[in-house]
There are 2 protein chains.
Amino acid sequence: MKRITIKEVANLTGLSIATVSYVLNGKGNISEDTQKLVHEAVSQLGYVPNYSARSLVNRKSNLIGVVIPQAQPGSTLMFENPFYSEILSSIEYTARKNGYHIMISGTNADEKYLQLAQQRNLNGIIIIGMYNSDSYAGLEKINIPLVLVDSYVDNHHFHTIKINDRYGGYIATRYLIERGHRKIAFLSGALHESSVNMQRLEGYYDALREYDIPAEAKRILTGQINFESGMRLAEQLIDMPDVSAVFCTADILAIGVIKRLNSQERIVPERISVIGFDNLNIAHYCIPGLTTVGQDVYKKGEAAVNAVLNHINHPENAKEEISLPVSIIERESVRTVA
Amino acid sequence: MKRITIKEVANLTGLSIATVSYVLNGKGNISEDTQKLVHEAVSQLGYVPNYSARSLVNRKSNLIGVVIPQAQPGSTLMFENPFYSEILSSIEYTARKNGYHIMISGTNADEKYLQLAQQRNLNGIIIIGMYNSDSYAGLEKINIPLVLVDSYVDNHHFHTIKINDRYGGYIATRYLIERGHRKIAFLSGALHESSVNMQRLEGYYDALREYDIPAEAKRILTGQINFESGMRLAEQLIDMPDVSAVFCTADILAIGVIKRLNSQERIVPERISVIGFDNLNIAHYCIPGLTTVGQDVYKKGEAAVNAVLNHINHPENAKEEISLPVSIIERESVRTVA
DNA sequence: CTGAAAGCGCTTACAG
DNA sequence: CTGAAAGCGCTTACAG
């Protein structure tokens, strides 16, 4: 099956390939008649432009790369946490509306990905989540728009989209305190320096401080951000009968915690209260509905794509640093205590 | 920033670009010494091959396109149903291990996607789910490996990966019957001719027939495959106090049903039993744990990629038609009645 | 308003 | 064992 090229269109119309190319790209000054002629030939022949050839000369691919963390190095993507599929959904949608496609891959956000980006002539890169900071080494010497979502590696070379994580941690904790809780556990993934978890922990401390509640190191429990880890961390809670509320820095963690607690004698919210973070769809699905710190995951993805697009169109502009709002979403997993 | 090309590598080594290309591709008979020379120059220069140029001459992109249904035409992808992110995860992983990347897009699986596939020189296409059958029109005249996941449009032009949906419907229903249930509702998405839902309904009928239980049309309720629809369908159940068990053809539907039922007087499983289909992660997360018909979503994605890869390597082989097994996963959402 | 020609960065018969 | 050259399908100054 011979591929139909611009040459066949040129032959059929009796024009040159240059002219055909001009009308296809809406460039140059081509007469109405000629344009119509070309368009007719295109649809008659079923001509489809070859992006590989276009990319080669334009040095652009209309492809945006999205880097999603892996569950384990070299393993499957972290889709177990619905946060990633939710944000991917809005990234894909926003990109599609603007004529771009999404390439996903579970590579690390490191030098190797930089190679990939060059190989593929990516027009932009969106990196979601935190990677250890020397992963970013070399990434700034690339002149491809690069946006970091939820990362506090802040070297002004990249666009950043995040939320006010510290404030989120603060309002979550305050919400529990205002409902009479004093012994509040903090459950999260690893507390790396530049992680959102660390910020949320600071917010937790802020709230305790404001209400003169001493922070207890033993109530800070860390694992990974997934369901299983939530189950395991909940084990540790079982030996802390005085803890009346738990702040989990991710909904998926909170779901695991609730599941495990429920299988013990500690029903949520009757015996213990739980608040999450993210407001994923599952927070709404589960029973009891999960009270959580809501962020607009859809907007986050949209903002990431827009940052890429803006950079493409106005490379001279300063780096974007966008911080999206958070707010408490009340459901049934927290109760007021005396 | 000038891009480093094969030419620079040739200059530095004093070889021709042909020779450099040969060693890069491991073709031809090139001496050890020359090979080493080239590799040194490559790493010294930081040379990265340009896939656009490669694709242009090879007519292959190392890119596999994955088509995921949209929630609404022209809207975001159906990631609200975790089935899609779970299968995407295994598709990406399997592709990555084999040197391919994944391009996702929410286009319809129609002539337009065919154009896209040609534009992008896709090496394979994986279409997940059911589209109306004339969407596939023209898709067979493309000579790109194409695999259909969970579709009963069966014209032998495509590879197909599915499970035994009818049997799945049968064992789900039988499971309920064996536990004493007689008035069993069937909840699903639209019952299109070639949909998995229709097959699962047939299995439901099979089981009823086997046990001489009359099928009642009023107990067949259809909506869409999402959480909200599950909530809405559950409304209708409220006026059917005699129904003691519900078979939902998707876990996400079942989750919606349980949530709604729970907010009424009908607690699961005490007052009514629910069985799902898919065995998604959420089936394990929720309370009560969801008893469901388990399929291996990971294997499904893996099989889809392997079908593409096999086709690439052995285009002469017959179309693959793979059917994966299903089995009951017991949790807590079904109880035995007298 | 339109065309001839160079060039994007690679691969691959074909010669030698 | 290595190289000169054509060609993949497109875009874009530059002429006219």
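This dialogue explains how to read several features of a predicted model.

Visitor: How are the residues, chains and ligands labelled, and what is counted?
Guide: Residues are numbered from 1 along each chain as its sequence is written, while chains are lettered from A and ligands numbered from 1 in the order in which they are written. The model is predicted, and local features need pLDDT of at least 70, side-chain atom pairs count only at pLDDT 80 or more, and totals for chains, interfaces and linings use all residues; side-chain values use heavy atoms, with hydrogens and water left out.

Visitor: How is the packing of two helices described?
Guide: Two packed helices are described by the angle between their axes and the distance between the axes. Axes are lines fitted to C-alpha atoms, for helices over the stretch in contact, and angles run from 0 to 180 degrees between N-to-C directions. Helices (H or I, at least four residues) and strands (E, at least two) are DSSP runs, numbered from the N terminus. In chain A, helix α1 (residues 6-13) packs with helix α3 (residues 32-45) at about 120°, their axes being 9 Å apart.

Visitor: Which word describes the orientation of α1(A) and α3(A) to each other?
Guide: Angles under 35 degrees count as roughly parallel, over 145 as roughly antiparallel, 65 to 115 as roughly perpendicular and the rest as oblique. The helices α1(A) and α3(A) are therefore oblique to each other.

Visitor: Which residues of α1(A) and α3(A) meet?
Guide: Contact means heavy atoms within 4.5 Å. From α1(A), A:Glu8, A:Val9, A:Leu12 and A:Thr13 meet residues of α3(A) including A:Leu37, A:Val38 and A:Ala41. By class, this contact of α1(A) with α3(A) has seven nonpolar, two polar and one charged residues. Ala, Val, Leu, Ile, Met, Phe, Trp, Tyr, Cys and Pro count as nonpolar, Asp, Glu, Lys and Arg as charged, and the others, Gly among them, as polar.

Visitor: At what angle do α1 of chain B and α2(B) pack?
Guide: Helix α1 (residues 6-13) of chain B and α2(B) pack at about 105°, with axes 8 Å apart. They are therefore roughly perpendicular to each other. Among the residues in this contact are B:Ile6 and B:Val9 of α1(B), and B:Ile17 and B:Leu24 of α2(B).

Visitor: How many residues surround DNA strand C?
Guide: A residue is near a strand if one of its heavy atoms lies within 4 Å of it. There are 30 residues around DNA strand C, and A:Thr34, B:Ile6, B:Ser21, B:Tyr22 and B:Tyr47 are the closest. Sugar and phosphate make up 65% of the atoms of DNA strand C that come within 4 Å of the protein.
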